[in-house]
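Reader: Hello! Could you walk me through how to read the features of a model like this one?
Author: Gladly; let us have it in view and begin with a single residue.

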Amino acid sequence: MGKIIIVGGGEVGAFLCECLSDEDFEVILIEQDEDIAELLDERLEAKVIRANGCSAKVLADVGTNSADFFIALTSDDRTNLISCSLAKAIGCKTTICRIHDNTYSDSSYVNYQIHFGIDILINPEALSAVELAKIIRNPGRVAVENFARGQIEVQQMRVFKGARITGKPLKQLKLGENVRIGFIQRNDQTFVATAESIIEENDLITLFGKPEAIQNLRSQLDPGQNLSPVSVVLFGGSETAISLVRLLTHPRFNIRIIEKNERTCERIAETFPHVTVIHGDGTSLRLLEEEQIGKSDYYIACTKDDQYNIMACLLARKLGTKHVQLVVNKTDYDDVLQTLIETIGLEKTVSPRIATVNEVLRYTSTEPFREVAQLPDPSIQLLEFYLPYNTPLSGQKIRDISFPQGTLIVALMHKFKSKVPTADDVLLGGDRMIVITYKDKLNALCGMIQG
């Protein structure tokens, strides 16, 4: 199939090796620790090399120049950045770098991806936060998977009486560049929205767009809306918690963070003045009672210690919290996870390890497309397409491409950013796009993309 080089034989790297080996990839794993390398060499079908993944000579010797993917998954961000940068310089087609520090995701001063020559940055904690935020931000959203790394959201909304968008074709509505109406459900019919589509009262429409843009559009759909405040309590000031705070920026979310490290509390309070930071032990029944945790809408245990997380969730449920979510960091609890869900009454469990592997597998997949979510009408599909580098569509503006009728691009993902595309956006090889299309148009669409 293809050649993949992985640096880092920890839980994530070893698990990914198993998954990729099952798909017949040629997998080479580089691990510096002698004991870990020896153990994995016995256990995995992949070729295991004990060496420094930041050594240019080592990368050259294992044939990085002929690799389809180079994936750095150690627990050290700097090691991952350096090894990926070297791999790209040597000639690897695609580099994927695991990071934990949000510093490297911030491109306001320097774009770290461009600087280091990295194609894809993956933050396990940020991916976990996206999964947690989906239910909190809008329990009625239609897509069960995130795409565009949480930068594009999917929401269903009912069009109520008096909404300003009714009675006019979509091309006359000023919805903004960051939001798109994907499809419309009217009575027993579902159809893909076009420029000529007219919204009617009581339609159920599905929106794709930036979270803040969708939120702003609510007032046009439901003039009488009155969103009630949502109380969210986070146990632990971890990277997952910080990422979740960034996703819940709307004023209706009242966020409290319980953290026992005083210095961490001070740092969070300085960074997020709107967040209430509580210095204390989230497994203390007395503290949870004093903070009236039972009256909160959501309680999310997201420390790095799974035992503390489980205990905290048990207490929150006992006190009456409506929705309880749990972050599971290690593999120890995989086998008993379903029992935990039933015992504690968890609404959602998230594993940064599994989220990372799933994200990597999306990029290494050789399939031309994958289904993102099941839609109400089976004749309409929501698909994610990968544009190969030799696609005939590369370099063309969307407005100049004659897509099959009823095909709509609702999200476009370049290497460094994701957006709701306009007609003037240019498609490039290596891009990914989320498309709504009718099932009977799928073959024609695949033909256009694959050439």
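Author: Val232 counts as buried, at 0% relative accessibility. Buried means under 20% relative accessible area, exposed over 50%, and partly exposed in between, with a 1.4 Å probe and protein chains only. This is a predicted model: local features need pLDDT of at least 70, side-chain atom pairs count only at pLDDT 80 or more, and totals for chains, interfaces and linings use all residues. Residues are numbered from 1 along each chain as its sequence is written, and side-chain values use heavy atoms, with hydrogens and water left out.

Reader: Where is Val232 placed, and with which residues is it in contact, leaving aside its neighbours within four places in sequence?
Author: Val232 is in strand β11 (residues 230-235). Helices (H or I, at least four residues) and strands (E, at least two) are DSSP runs, numbered from the N terminus. Contact means heavy atoms within 4.5 Å. Leaving aside neighbours within four places in sequence, Val232 is in contact with Ile136, Leu248, Phe253, Asn254, Ile255, Arg256, Tyr298 and Ile300. By contrast, Ala163, 69 residues apart from Val232 in sequence, is 30 Å apart in space, C-alpha to C-alpha.

Reader: How should I read a nonpolar core, and which residues of the largest one touch the most other members?
Author: A nonpolar core is a set of buried Ala, Val, Leu, Ile, Met, Phe, Trp, Tyr and Cys residues joined through side-chain atoms within 4.5 Å. The largest here has 27 residues, of which Ile6, Leu16, Ile71 and Ile96 touch the most other members. At least two residues each come from β1 (3-7), α1 (11-22), β2 (26-31), α2 (34-43), β4 (69-72), β6 (120-122) and α13. The most come from α1, which gives six residues. Another core, of 23 residues, lies apart from this one, and Val245, Val275, Tyr298 and Val327 are among its members.

Reader: What is Ile96 in contact with beyond its neighbours within four places in sequence?
Author: Its partners are Phe69, Phe70, Ile71, Ala72, Cys84, Ile120, Ile122, Val360 and Tyr363.

Reader: Now to helix packing: at what angle do the axes of α6 and α13 cross?
Author: Two packed helices are described by the angle between their axes and the distance between the axes. Axes are lines fitted to C-alpha atoms, for helices over the stretch in contact, and angles run from 0 to 180 degrees between N-to-C directions. For helix α6 (residues 124-137) and helix α13 (residues 352-364), the axes come within 8 Å and cross at roughly 100 degrees. That makes α6 roughly perpendicular to α13. For the cut-offs, angles under 35 degrees count as roughly parallel, over 145 as roughly antiparallel, 65 to 115 as roughly perpendicular and the rest as oblique. Pro124, Leu127 and Ser128 of α6 make the contact with Pro352, Ala355, Thr356 and Glu359 of α13.

Reader: How many salt bridges does a search of the whole structure find?
Author: There are 19. A salt bridge is a side-chain nitrogen of Lys or Arg within 4 Å of a carboxyl oxygen of Asp or Glu. One of them joins the side chains of Lys88 and Asp119 (2.8 Å, N to O). Lys88 lies in helix α4 (residues 77-90) and Asp119 in the loop between α5 (112-116) and β6, so this pair ties together parts that are 31 residues apart in sequence. Lys88 is partly exposed at 24% relative accessibility, whereas Asp119 is buried at 5%.

Reader: Which parts of the chain does the pair of Glu131 and Lys348 tie together?
Author: Their side chains meet in a salt bridge (3.4 Å, N to O). Glu131 lies in helix α6 and Lys348 in strand β16 (residues 348-350), so the parts tied together are 217 residues apart in sequence. Glu131 is buried, with a relative accessible area of 16%, while Lys348 is partly exposed at 22%. There is also a network of salt bridges that links Glu359, Arg362, Arg370, Glu384 and Arg432.

Reader: Finally, what is the phi of Asn187, and is the residue buried or exposed?
Author: Most residues other than glycine have a negative phi, and most peptide bonds are trans. Asn187 has a positive phi, near 60 degrees. Asn187 sits in the loop between β8 (179-186) and β9 (189-192), and is exposed, with a relative accessible area of 77%. Asn202 also has a positive phi, of about 80 degrees, and is found in the loop between β9 and β10 (204-209).
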